[in-house]
Amino acid sequence: QKVSVEVLDHLECLALVDFRDSEGVERLQKAIQFADQLHEVNTDGVEPMDSVLEDRWCLYLREDDVTEGNCTKELLENAREKVEEYFVAPPGNIPLPKLEERDTFLQGS
Amino acid sequence: VLNRRCVEAAVMTGLALNCSINKKSLFDRKHYFYADLPAGYQITQQRVPIAVNGSLSYSLCIDNKMSQMVTKTVRIKQIQLEQDSGKSLHDDTRNQTLVDLNRAGVGLMEVVMEPDMCCGEEAAAAVRELQLILQTLGSSQAVMAEGQLRVDANVSVHHPGEPYGVRTEVKNINSIRFLAKAVDYEIQRQIEELENGGTILNETRAFDSKLGCTVPMRDKEGKQDYRFMPEPNLPPLILYDAKSLPANMNHQQVINIDWIHERLPDLPSVKREKLVEQYGILPEHSFTLLNEDGLAEFFESVVKQTQMKPKKVIGWILKDLLSYLKQHSLTVKESPVSSSLLADLLNLLEKKEISSTAAKQVLAELWTGEGKTPLEIVKEQKLELLQDQKELEQICQAVIDGQENEVIMMVPG
């Protein structure tokens, strides 16, 4: 089963990933095939595993103590644009243009 | 890493809302892009949340009359722990969004209710009760204006007997009053749209408090695919109770549901019942007492310091004290009249040393907060009730003598 163009387009919009060329898509196909091997195992009646450490891995609960902060200057250093202590972003998400309007190899498929 | 206090708060809130607490709950990643979500995903509990299947009871006044209250219930679908995003401020004039990341990553509880409410008034009453419960538990100070409690309203309409209609989600509601307005506006809008032959879009709308209406929110890119996946960095959250308590675990890492349950404070509904039972006041009085921060404590403090019966004290608290505070936009804590001053005044009244009219006069003087005691004011303004019969007769006679022509009827004694 090959991955359809619709799904590839959907993935490019969702994850902002660029399959770039047929090699990229082929890599994805192979990854899916590899993962599909999991279906060969019969898991009827078996609880899904959360981690190989099973019961030994306990969720660590941290005390409600403030141990760091006051590093505004360092945090804002990464900002391309700032206004007072706010990061500046575009007014909203700029979604990837529709398939027909994009310059992507997927169009040809 | 998960903060222990968040878990305790969620368990307390779940118990207070009659939920089943899931002893094992899981964390997931919800992926989407937005400027206030720097990681590109939010950790939440999509598969198995910490608490499910609860209920919240609240009261409504019928026909705006406080004396006729009816109790309603809204089912709680679930409570989940999740991460907060940053805060976006939209600057339309400069075509940009300002993002404050201070609260990004901080834990929060989302309480999901079933669609059991039918109008703005019910939604407002339910949220108000939830607010009081959260404040009583200490889970949150729940001040909506400061974003400590945020409400998104999901609204749909349908003809009786038919399935629920398409719902819209209304955001940007900043107070309980606006919640009622937003819900009622949206119900009306949807009804009008349908009656005009239109359809309702499953969209997200924002409430515009200035215009009192809801508007479509921009940049909601249609139906989102969040690609939920288990959060790899957080293993399952395991909670214990008295029976399942592990023997050899560091107790700082253990959360015991029963231990928390035993230490739950009295919820507002229980406090109201106790006030009614202990002091003989009316149910609607207990609602008002709990509705104002500090008022119930003030009332009880006055009752302790005065011989006047609570049923009479409540009138002074709810009518005189509260209306004054409201007029001057003061909280109970800011009251220039303390509970002891009021108690002193009511004692004078109770001992019949002054009349109730005089008492109101003294109270008016006490509001100025000049520090005089009720007794001082009474003496200054000569408001004492005359106990001496002869003196009374003399005064009455003088008045009658002076007003002979006006005297039409005289009642002896």
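1. A salt bridge is taken here as a side-chain nitrogen of Lys or Arg within 4 Å of a carboxyl oxygen of Asp or Glu. Between chain B and chain A the count is one salt bridge, formed by A:Asp50 and B:Lys24, whose closest N and O atoms lie 3.5 Å apart.

2. This is a predicted model, in which local features need pLDDT of at least 70 and side-chain atom pairs count only at pLDDT 80 or more, while totals for chains, interfaces and linings use all residues. Residues are numbered from 1 along each chain as its sequence is written, chains are lettered from A in the order in which they are written, and side-chain values use heavy atoms, with hydrogens and water left out.

3. Chain B gives 35 residues to the contact and chain A gives 24 residues, contact meaning heavy atoms within 4.5 Å. The two chains bury about 2,800 Å² between them, 60% of it on carbon and sulfur atoms; buried area is the accessible area (1.4 Å probe) that two parts lose on being put together, summed over both. Of the area that chain B buries against chain A, B:Phe33, B:Pro235 and B:Gln253 supply 18%, more than any other three residues.

4. Strand 1 (residues 61-62) of chain A and strand 1 of chain B run parallel and are joined by two bridges, where strands are DSSP runs (E, at least two residues), numbered from the N terminus, and two strands pair if DSSP finds at least two bridges between them. Within this pairing, A:Leu61 stands opposite B:Leu2.

Conventions: Helices (H or I, at least four residues) and strands (E, at least two) are DSSP runs, numbered from the N terminus.
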